[in-house]
Amino acid sequence: MTASHPRPPADLLVLWAWEYDADFISLLEDACRARGVTTTICGPDDLAELAERLDRGELRAKIGLDRIWDWGGEYERHVPAMQRNIPLMVNDYARVRHAWNKLNMHAALIQHGLYVPYLIIIPSYEEQPILPPVDLTPLGGQFSVKGLHSGGSGVLQPATRWEDVLRQRKEWPSDQTILQAWVEPKLLGGRRAWFRVFYACGSTFPCWADDRTHVHEPVTPQDEARFQLGILRSMTQQIAGLCGLNLFSTEIALDQRNIWQICDYVNEPCDYRLKSTTPNGVPDEVVAAICDRLAGWVKRQARFISI
């Protein structure tokens, strides 16, 4: 009888469930294949038994990329099994949780000399349903209202009244609410100076990202030279050093006083819908470059992991 040998572990295990992630996953598979990186992809139909398969050794990988656990509930049931069986995560679970808390990042950014809009935090609706008015004067008349652990800024409208706060905080009743001074960006060459910068394993990809429409355009080398936008890269590298993540995006704006402000600190997981299929998606060439950087990082890291 011939002894059976376990299947060698994949270099990268990818978990996904959101239908709009399909293009990103396809581009990532292509990038990995081009670099000789082996992958195992677990999609929506593979999640029910994911934890059990990991613990039984049926799924083996050196590195994991989890695009589903932020949904919570049944979509994060596998996290302990991933932590037991996958030696390295592209984005460590504990570091992501830390970065999701906007107060953590707000304090860290200020401590390291980066500018962020003025912030007021108020209790959750469940903790304190009846809330006495708060002095909004420091916010400057207009402000955004967000949940403490909310994702990207989306297409927001400025709030101006305490009644706006009371209404919106009910949308995330268990989470605290943050009020952030509204940043009105300058115009650079006729475009609003609001940017979304993608970070991938040491590389930065700055995009114009109109805060009213969220339509993205890559920052060209000519843009970078003409408007001195290299600061977007250095600020994003600083954020990467503070949050310890290998994949994320951040939103940075140049305000009317010529101050660069980090308005949405760390977004993870990123929305990588392609601009070719979604009007306010990420330029296709940017997503392809992100996948290439990630595949290269996985190849380098996998060499030093044996399981």
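This is a predicted model: local features need pLDDT of at least 70, side-chain atom pairs count only at pLDDT 80 or more; totals for chains, interfaces and linings use all residues.
Residues are numbered from 1 along each chain as its sequence is written. Local features need pLDDT of at least 70, side-chain atom pairs count only at pLDDT 80 or more, totals for chains, interfaces and linings use all residues, and side-chain values use heavy atoms, with hydrogens and water left out.

**Exercise 1. Strand 11**

Find out whether the two faces of strand 11 (residues 203-209) are covered or open, and which strands pair with strand 11.

*Solution.* Strands (E, at least two residues) and helices (H or I, at least four) are DSSP runs, numbered from the N terminus.

- Step 1: Look at burial, where buried means under 20% relative accessible area, exposed over 50% and partly exposed in between (1.4 Å probe, protein chains only). On one side, Ser203, Phe205, Cys207 and Ala209 are buried; on the other, Thr204, Pro206 and Trp208 are buried too.
- Step 2: Seven of the seven residues are buried, so strand 11 is largely enclosed by the rest of the structure.
- Step 3: Look for partners; two strands pair if DSSP finds at least two bridges between them. Strand 10 (residues 194-200) runs antiparallel to strand 11, with six bridges, and Phe195 has Trp208 as its bridge partner.
- Step 4: Strand 12 (residues 216-218) is also antiparallel to strand 11, joined by three bridges, and Pro218 stands opposite Cys207.

**Exercise 2. Helix 4**

Work out where the buried residues of helix 4 (residues 93-100) lie around its axis.

*Solution.* 

- Step 1: Pick out the buried residues: Tyr93, Val96, Ala99 and Trp100.
- Step 2: See what covers them: the elements include strand 3 (61-66), helix 3 (79-85) and helix 8 (230-243).

**Exercise 3. His78**

Describe the surroundings of His78: is this residue buried or exposed, and which residues does His78 touch?

*Solution.* 

- Step 1: Locate His78 in the loop between strand 3 and helix 3.
- Step 2: The relative accessible area of His78 is 4%, so this residue is buried.
- Step 3: List the contacts (heavy atoms within 4.5 Å). Not counting residues up to four places away in sequence, His78 touches Leu15, Leu50, Ala51, Asp66, Ile68, Trp69 and Tyr93.

Terms used: The arc is that of the directions from the helix axis to the C-beta atoms.
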